[in-house]
Amino acid sequence: MLMALVAWVAPLAAHAQKVDFGGQKITLAVGSTAGGAYDLYGRLVARHLGNHLPGNPIIVPQNMPGAGNLIALNWLYNVAPKDGTALAIVQNTAPYENLMGNTNARFDARKFNWLASLNGYTGMAMVWHTTPFRTAPDLIDRPSLLGASGATSDVTVWPYLLNELIGTKTKTVKGYPGTAGIALALERGEVQGSIGEDWDGLKVSKGRWISEKLIRVLLQLTLTRHPDLQDVPLVSDFAKTADSRQILEFFVARQQYGRPFIAPPGTPAPVVAAYREAFAKLVNDPNFRQEAAQQQAAIDLASGEVVAAFVDRLHATPRSVLDRAIALTKAVGD
């Protein structure tokens, strides 16, 4: 009876442990370049999240771009302090890296503390308005030249996947510094488009492109149509075999939680709970909501518990699907 009482009381005691960030400076690593959508979401959160943490700490965003997000992820997992003074916003590819056998991913995604995701990710295929591409079949019927960045980033992987799985004829120019670099290349006419950029993120970072109709969106890399893009087909509409459809759905699944915030493994449970509670309060903060609306930053909270459960399910993917997905992504760098 006593042991049962102790077992029942212990979690309550841990949850009741006081957390105080007073006088602390918290580093928010942003795993991408300045000026892109992840950077804008990260800085937006940095300006407001401290108001909802005990002690009202200062949160300082720090860009850690490179290696398709791996620099920030590896830092957070292996180097960053585990006392709550370090967290990160990372790309939606983060749960896939070690699962897919990326030897440069020195972490286990299941061991991160997933705090929240602030929006889904509506990946898309888009082209500049002066190009001859007007519909998704045009990408299948004729070659296109697209901008790409790091080897594991969405905008590098997706063009190759669509070539293999639905028969597009894209070629990529790799090495641009994130989506901001690709955007500049599009405006300069160096490339014709990109595949893998997020619609809501584009509204934040390049709203003028949309209002002035400087781009065309030809495909959605999602499970369901975005409310803004009801006339744009889904990539799965073009899958020619059941195998291709299954692989596409595996990769598309990561779009559900497109703006994830994480803390290192080993962060004390009360600190993780404080962060999760702070995010829940943040999305109802009128000042945060107002600034998000001004920046056209869509907010759709998924709790840390929900995202963590998704990561666990992802790691239970059948081996046959993983092997096919791994073979495809390895070929990207060839």
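These legends cover close-up views of a predicted model. Local features need pLDDT of at least 70, side-chain atom pairs count only at pLDDT 80 or more, and totals for chains, interfaces and linings use all residues. Residues are numbered from 1 along each chain as its sequence is written, and side-chain values use heavy atoms, with hydrogens and water left out.

**View 1. The largest nonpolar core.** This core holds 57 residues. A nonpolar core is a set of buried Ala, Val, Leu, Ile, Met, Phe, Trp, Tyr and Cys residues joined through side-chain atoms within 4.5 Å. Buried means under 20% relative accessible area, exposed over 50%, partly exposed in between (1.4 Å probe, protein chains only). Trp-158, Leu-162 and Phe-250 touch the most other members.

**View 2. Trp-158 and its partners.** Contact means heavy atoms within 4.5 Å. Leaving aside neighbours within four places in sequence, Trp-158 is in contact with residues including Ile-195, Leu-221, Phe-251 and Arg-254.

**View 3. The Tyr-38 and Tyr-121 pair.** Rings of Phe, Tyr and Trp (its six-membered ring) pair if their centres lie within 6.5 Å; planes under 30 degrees apart count as stacked, over 60 as edge-to-face and the rest as tilted. The count is 13 aromatic pairs. Tyr-38 and Tyr-121 are stacked, at 6.4 Å centre to centre and 25 degrees between the planes. Tyr-38 is buried at 9% relative accessibility. Tyr-121 is buried too, at 6%.

**View 4. The Phe-261 and Phe-279 pair.** This pair is tilted: 5.1 Å centre to centre, 50 degrees between the planes. Both Phe-261 and Phe-279 are buried.

**View 5. An aromatic cluster.** Tyr-77, Phe-107, Phe-112 and Trp-114 make up one cluster.
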